[in-house]
Amino acid sequence: MGKVALQMVEQAGIDVKELLDKLVCAASAEFTTYYYYTILRANAIGLEGEGLKEIIEDARLEDRNHFEALVPRIYELGGELPRDIRDFANLAACPDAYLPDRHHNNSDATPRVGFTSGGSDESQTAVLEAKQAVEQGDIRPLLQVLVEAERCAIRVYSDICNMAFGKDHRTYELSLAILNEEIEHEAWFSEFLGEGPSGHFRRGAPGESPYTSRFLVVPHNHS
Amino acid sequence: MCYVTVATVDDIPPGTTKLVQVEGLPILIVNDRGQFYALQGLCGHQKLSLAKAMVWQGIIDCPWHHFQYDIRTGENVYPRCVYPLEALPHLHQQLERLRTYPVRIVEQHVQVKIEHEPLSNK
Ligand code: FES
């Protein structure tokens, strides 16, 4: 904990306990999202799915970076993470990003998106089913989970920025950096849903975190 | 059944919410673009208070974990739309509808209809 750093924040009129609650909930949301995006990524397969997988991977790694960047600030302000990971997960500031049900109207359909490949009869049937699933819009439920998760994150960091603005400069800058990336994540997924036109460009490296990396103890491109 | 005054119109400007207590019952009053609504004041997710909930275009957003509800019906609109309820039916419990209450404005007072006479009027 930084004594004077904390004093400055308190004197600026911030309710530090409330801010810490928000930061811990935000850190939990990042940590749980990282977990759930790992599952979503694994289930984004085939032609369309593989394209989506790349974006999920960037968002997934950047969400992990957000967790890493938030934790030092929590301890600096005198807070801490819950000892029990179950308690921590229950605090998450956003709903869990569960893998969607199998196709809404067809419980036999694959929950995966995109096309599979392979030569056996079984895999050819899988290709056919997956193609039909994509044609029926099976990719949309997964994208909907992703885009809603990002929208929730935007609300969370807008709220923290509003609270810290002009008072807790370090938390504000950190939250703003994360907010910048969450806004980009939302745009990636909503553009995939066809809410375009698209103005985004790929990250130079997976999980690059162009805004948040300067807050990381070990940036992704450390050598 | 009777209407109970819970606030004045000026207490709750458009785009804001206010948590009030009616005989110990928490009720969230919402002013969405000049229209008033009243909903159960505890979120269906973890039964935490909806005080400081945000409203925007017919939807309130719980400040704790950002579940969202339709202010007219109290229905959960998020995360219901993305939860895999077939695969994980226990999640249904988290998606409970918020109870709604009739509201009226009488001479700049916001009044909510509750199901029984308030104790203070007895
Ligand atoms: S208590 Fe409202 S979203 Fe969790």
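The exercises below work through the fold and the salt bridges of a predicted model.

Residues are numbered from 1 along each chain as its sequence is written, and chains are lettered from A in the order in which they are written. Because the model is predicted, local features need pLDDT of at least 70 and side-chain atom pairs count only at pLDDT 80 or more, while totals for chains use all residues, and side-chain values use heavy atoms, with hydrogens and water left out.

**Exercise 1. Describe the secondary structure of chain A and the part of it that UniProt annotates.**

Step 1. Chain A has seven helices and zero strands, where helices (H or I, at least four residues) and strands (E, at least two) are DSSP runs numbered from the N terminus.

Step 2. An unreviewed UniProt entry places the feature "domain: Ferritin/DPS" at residues 26–92 and 118–195 of chain A; such annotations may be inferred rather than shown by experiment.

Step 3. The span of residues 26–92 in chain A is 81% helix and 0% strand, and its end C-alpha atoms lie 6 Å apart.

**Exercise 2. Trace the salt bridges of A:Lys22 and say which parts of chain A they link.**

Step 1. The criterion for a salt bridge is a side-chain nitrogen of Lys or Arg within 4 Å of a carboxyl oxygen of Asp or Glu.

Step 2. A:Lys22 pairs with A:Glu18 at 3.9 Å, N to O, and both residues lie in helix 2 (residues 16–42) of chain A, four residues apart, about one turn of the helix.

Step 3. A:Lys22 also forms a salt bridge with A:Asp159, with the closest N and O atoms 2.8 Å apart. Since A:Asp159 belongs to helix 6 (residues 139–164) and A:Lys22 to helix 2, this pair ties together parts of chain A that are 137 residues apart in sequence.
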